[in-house]
Amino acid sequence: MDFEQEKTIWVIGHKNPDTDSICAAIAYADLQNHISNIKHEPKRAGNLNEETKYVLDKFKAKVPAYVDDVRTQVKDIAFRRTVGVSSNISLKKAWELMSTSKVVTLPVTNEANELVGLIVNGDIAKSYMDVLDTGILAEARTPYHNMIETLNGTVLVGNEHGRFTKGKVIVAANSLPMTEENIEQDDLVIIGDRESMQRCALKKNASCMIICGGTQVASDIIAEADDKECVIISTPYDAFTVSRLITQSMPIKQFMKKKNLTKFEIEDFVDDVREVMSKVRHRDFPILDADGTYIGMISRRNLLNMQKKRLVLVDHNEKQQAVHGISNADIIAIIDHHKIGSLETPVPVMFRNQPVGCTSTIIYQMYQEKGVEITKQIAGLLCSAIISDTLLFRSPTCTELDKIAATELANIAEINMEQHADAMFRAGSNFGAKTTEEICYQDFKTFTIGKVQFGVGQINAMSKDELDEVKERILPYLSSVMTERKLQMVFMMLTDIYNESSEIICVGEHADEAIERAFRKQKVNQGFRLRGVVSRKKQLIPELLEALLYVLHNDEN
């Protein structure tokens with residue numbers, strides 16, 4: 001399918017993604033790519049858990065690319081993709097390029113397109129004002145080609161690709177004795193039509209003669225110059241014009257800035273770029289790609305035309321759960337099955353929120369509504385997400401719509417749901433290869449009540465024995481989670497899938513008190529055992545929020 005050249009829309013779930021968050025993103029992007037002329041790409045805002053890895057591998061689905069920040073980047077801006085210039089071009093050529101391109105800065109690059117310097121119009125102007133040293137052309141190792149180009153000249157003798165590397169510049173305009181006294185070996189001599197002066201320059205072993213006024217040069221002088229390896233350049237300009245223009249033939253590398261260059265990379269965030277620009281009085285700045293090669297120039301004016309990243313959010317609508325930088329992105333749509341949270345948008349967006357057990361159930365409905373055929377792969381992903389979120393229909397969040405959708409999707413994917421669920425859950429509860437940090441954050445969400453932020457994680461396993469082992473590992477780590485995430489409380493829900501029960505362990509002031517009030521339970525062996533409680537969204541969070549409101553209110557009074 002050919003897509004219009006419009007900016008791609010990313011479909012992304014919450015941080016610490018679960019199977020629904022990933023599969024919903026993949027499926028919704030697939031749906032939109034069938035019905036929209038704008039390309040949609042699934043992304044992920046965190047690492048995959050083992051259950052999700054198993055699902056993607058089973059149905060041979062590509063892992064969505066990781067995105068940790070959706071703020072606008074340099075690559076989102078229509079900057080100027082100009083080519084770099086060689087450090088050997090003349091000052092005159094650089095000035096002409098600036099004039100025709102209407103820029104004040106030229107990037108200087110080498111053969112590998114690496115940035116080696118910058119030349120600005122102020123550098124060129126300064127060279128005209130400050131060049132008083134008659135030996136500076138040699139110091140700059142000025143190519144004869146540059147002189148020919150600058151003086152509109154023709155080489156009569158010598159190699160135009162050579163360089164003037166020794167001696168000074170002298171204008172042979174005085175008497176012959178004075179000229180003879182002033183010329184030294186290797187000098188560059190600007191001469192008119194006087195053959196005596198030309199022969200004098202050759203006698204003194206000048207390295208280059210510039211013959212002004214388009215004067216014909218005698219054949220014996222040309223022969224002698226060739227014998228002595230003296231370059232002769234003929235120019236139609238007069239001596240005054242040549243003496244004024246000759247310094248413009250110097251290569252720009254003599255004057256360009258080479259060190260401490262202010263440059264940006266294509267992945268840099270515009271907020272950081274703008275801050276740097278505010279402190280540096282340049283108009284244009286070079287941009288490098290991921291390999292460090294030069295690709296273009298950016299100015300403050302370009303920042304006015306930046307395009308924010310465009311996102312579709314699936315399986316969440318809470319700012320705390322969204323990818324970093326969400327406030328700097330354009331949200332196009334939200335598809336979710338959770339309570340309406342704290343995320344705000346400056347303009348109306350398509351917001352589809354239904355009280356079902358899984359976001360993928362909603363996406364399945366959208367395929368049906370749009371009349372788009374569901375492939376075996378997409379069916380497998382959507383069915384797996386429903387199985388995961390509803391714990392194979394054991395969760396109280398599960399609805400008849402979830403069961404119907406999962407059954408129809410299982411038929412398309414040609415899978416046995418009981419067997420597939422068992423394999424999924426076993427993959428997800430394989431904690432031996434995981435670090436304690438990975439276990440804690442594999443399904444972790446943050447919530448806000450008033451000025452208090454707290455986190456709630458859920459760990460599913462096939463048996464109580466597995467959960468007991470996990471509990472011993474993560475209990476000492478919960479305080480670190482609270483510190484790292486700057487939370488006031490952390491609750492961890494250890495869910496036994498087949499026995500349909502959970503144990504809550506927690507840290508933080510008022511955490512125990514909140515659980516005791518919410519479920520009328522006392523702590524036993526450092527945890528609260530809750531039979532029949534398996535849903536964080538429907539059974540834990542509502543009761544916990546109500547209890548926390550009471551506890552925190554009493555604490556304030």
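Leaving aside its neighbours within four places in sequence, with which residues is H282 in contact? The residues are K257 and R300, where contact means heavy atoms within 4.5 Å. The model is a predicted one, in which local features need pLDDT of at least 70 and side-chain atom pairs count only at pLDDT 80 or more, while totals for chains, interfaces and linings use all residues. Residues are numbered from 1 along each chain as its sequence is written, and side-chain values use heavy atoms, with hydrogens and water left out.

H282 sits in the loop between α11 (270-279) and β14 (284-288). Helices (H or I, at least four residues) and strands (E, at least two) are DSSP runs, numbered from the N terminus. With a relative accessible area of 27%, H282 is partly exposed; buried means under 20% relative accessible area, exposed over 50%, and partly exposed in between (1.4 Å probe, protein chains only). V104 is 178 residues away from H282 in sequence, yet the C-alpha to C-alpha separation is 9.5 Å.

Another loop residue, Q73, lies between β3 (65-66) and α3 (91-101). Q73 has a relative accessible area of 6% and is therefore buried. Apart from neighbours within four places in sequence, Q73 is in contact with I266, E267, D268, F269, V270 and K309.

The nonpolar interior comes next. A nonpolar core is a set of buried Ala, Val, Leu, Ile, Met, Phe, Trp, Tyr and Cys residues joined through side-chain atoms within 4.5 Å. The largest has 53 residues, and Y367 and L381 have the most contacts inside it. Helix α1 (residues 19-35) gives the most to this core, nine residues. L381 itself, leaving aside neighbours within four places in sequence, touches C23, I26, V55, L56, F59 and A61. A second, separate core has 33 residues, among them I119, Y144, I210 and V231.

Two packed helices are described by the angle between their axes and the distance between the axes. For helix α12 (residues 359-370) and helix α13 (residues 376-390), the angle is about 145° and the axes are 8 Å apart. Axes are lines fitted to C-alpha atoms, for helices over the stretch in contact, and angles run from 0 to 180 degrees between N-to-C directions. On the α12 side the contact uses S360, T361, I363, Y364 and Y367, and these meet I378, L382, A385 and I386 in α13. By class, this contact has seven nonpolar, two polar and no charged residues. Here Ala, Val, Leu, Ile, Met, Phe, Trp, Tyr, Cys and Pro count as nonpolar, Asp, Glu, Lys and Arg as charged, and the others, Gly among them, as polar.

In helix α8 (residues 195-203), the buried residues are M197, Q198, C200, A201 and L202. These buried residues pack against α7 (176-182), β10 (188-191), β11 (208-211) and α9 (219-227). After α8 comes N205, with a positive phi near 65°.

Most residues other than glycine have a negative phi. N113, which is not a glycine, has a positive phi of about 65°. N113 is in the loop between β4 (105-109) and β5 (115-120) and is partly exposed at 30% relative accessibility. E500, also not a glycine, has a positive phi of about 50°. The loop that holds E500 runs between β21 (489-496) and β22 (501-507), and E500 is partly exposed, with a relative accessible area of 34%.

The last topic is the pockets. On a 1 Å grid over the protein atoms alone, a pocket is an open set of points where a 1.4 Å probe fits, with protein on both sides within 12 Å along at least five of seven lines; lining residues have an atom within 4 Å of a point. Grid points are joined across faces, edges and corners, and a volume is the space filled by probe spheres set on the points. The largest pocket holds about 790 Å³. Its lining has 28 residues, of which N16, G46, N47, Y441 and R485 are the closest to the centre. Two or more lining residues come from each of α2 (50-58), α16 (436-441) and β19 (444-449). The lining of the largest pocket divides into eight nonpolar, eleven polar and nine charged residues.

The second largest pocket has a volume of about 620 Å³ and is lined by 37 residues, with D18, D389, D443, Q458 and R536 nearest its centre. The largest share of this lining, five residues, comes from α20.
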